[in-house]
Amino acid sequence: MAGGVLVAGIGNLFLGDDGFGPEVVRRLAAPGGLPPRVRVTDYGIRGMHLAYDLLDGYDALVLVDAYPGGGPPGELTLLEIGAEDLGTGEFDAHGMNPVSVLANLDKIGGSLPITHLVGCTPADVDEGIGLSEAVSSAVPVAVDAVRALVRRLASAERAKFVLPAEPRSP
């Protein structure tokens, strides 16, 4: 897909609240509610898959992930991420460290699109399936936040391609 917005669920559903991203994108994948040219994918822990999909030339990326923001469990954080925020990181083709994936895109011929994170402070990332009550309660709020963000990003994308009207002669 040239252009468009990629919404990427990140996390390991076998580690409790780390499954936040996959749960949010599962709900977003339901028909309706998102503009055209938006792709929603659960990447789980498949960092290489995300990296190669970004080579398709998306205009924007929205990561949805557990994020240790320091607030109470279930608190949502929205961040815009630029290349200067990434530093460096060794890429692991068998794991998912979003910072490393994004920091190394140039090594496989890609570049970082406009990138946002919708993150949720986890309560528990120990082995186990299922979200804590606090994180589970944040999921519908996160779904709404991602929808609003994607609509804004998709509108900005469309605005890039709108040519100004030519002046009319009197």
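Predicted model: local features only at pLDDT ≥ 70, side-chain atom pairs only at ≥ 80, totals over all residues.
Reader: How many salt bridges does a search of the whole structure find?
Author: Side chains of opposite charge can pair when their charged atoms come close. For a salt bridge, the nitrogen and the carboxyl oxygen must lie within 4 Å. A search of the whole structure gives a count of three.

Reader: Which residue forms a salt bridge with R26, and is that partner buried or exposed?
Author: The closest N and O atoms are 2.7 Å apart in the pair of R26 and E23. Both residues lie in helix α1, three residues apart. Buried means under 20% relative accessible area.

Reader: In which elements do R39 and D53 lie?
Author: R39 and D53 form a salt bridge, with the closest N and O atoms 3.0 Å apart. This pair links distant parts of the chain, 14 residues apart: R39 is in strand β2, and D53 is in helix α2.

Reader: Which residues lie nearest the centre of the largest pocket?
Author: The largest pocket holds about 270 Å³ of space. Its lining divides into 14 nonpolar residues, one polar and three charged. Of the 18 lining residues, those nearest the centre are D65, Y67, P98, V99 and L117.

Reader: What is the relative accessible area of L13?
Author: L13 is found in the loop between β1 and α1. Together with F14 and I129, L13 forms a nonpolar patch on the surface. L13 counts as partly exposed because its relative accessible area is 40%.

Technical notes
Residues numbered from 1 in each chain as written. Heavy atoms only, no water. Patch = residues over 30% accessible without salt bridge, like charges linked within 9 Å, V, L, I, M, F, W, Y side chains within 5 Å. Areas by Shrake-Rupley, 256 points an atom, 1.4 Å probe, with all protein chains shown as cover. Salt bridge = Lys/Arg side-chain N within 4 Å of Asp/Glu carboxyl O. Helix = DSSP H or I, 4+ residues; strand = E, 2+ residues; numbered from the N terminus. Buried < 20%, exposed > 50% of the residue type's maximum accessible area, 1.4 Å probe, protein only. 1 Å grid on protein atoms, 1.4 Å probe; cavity = no way out; pocket = protein on both sides within 12 Å on 5 of 7 lines; lining within 4 Å. Points joined across faces, edges and corners; volume = space filled by probe spheres on them. Nonpolar A, V, L, I, M, F, W, Y, C, P; charged D, E, K, R; others polar.
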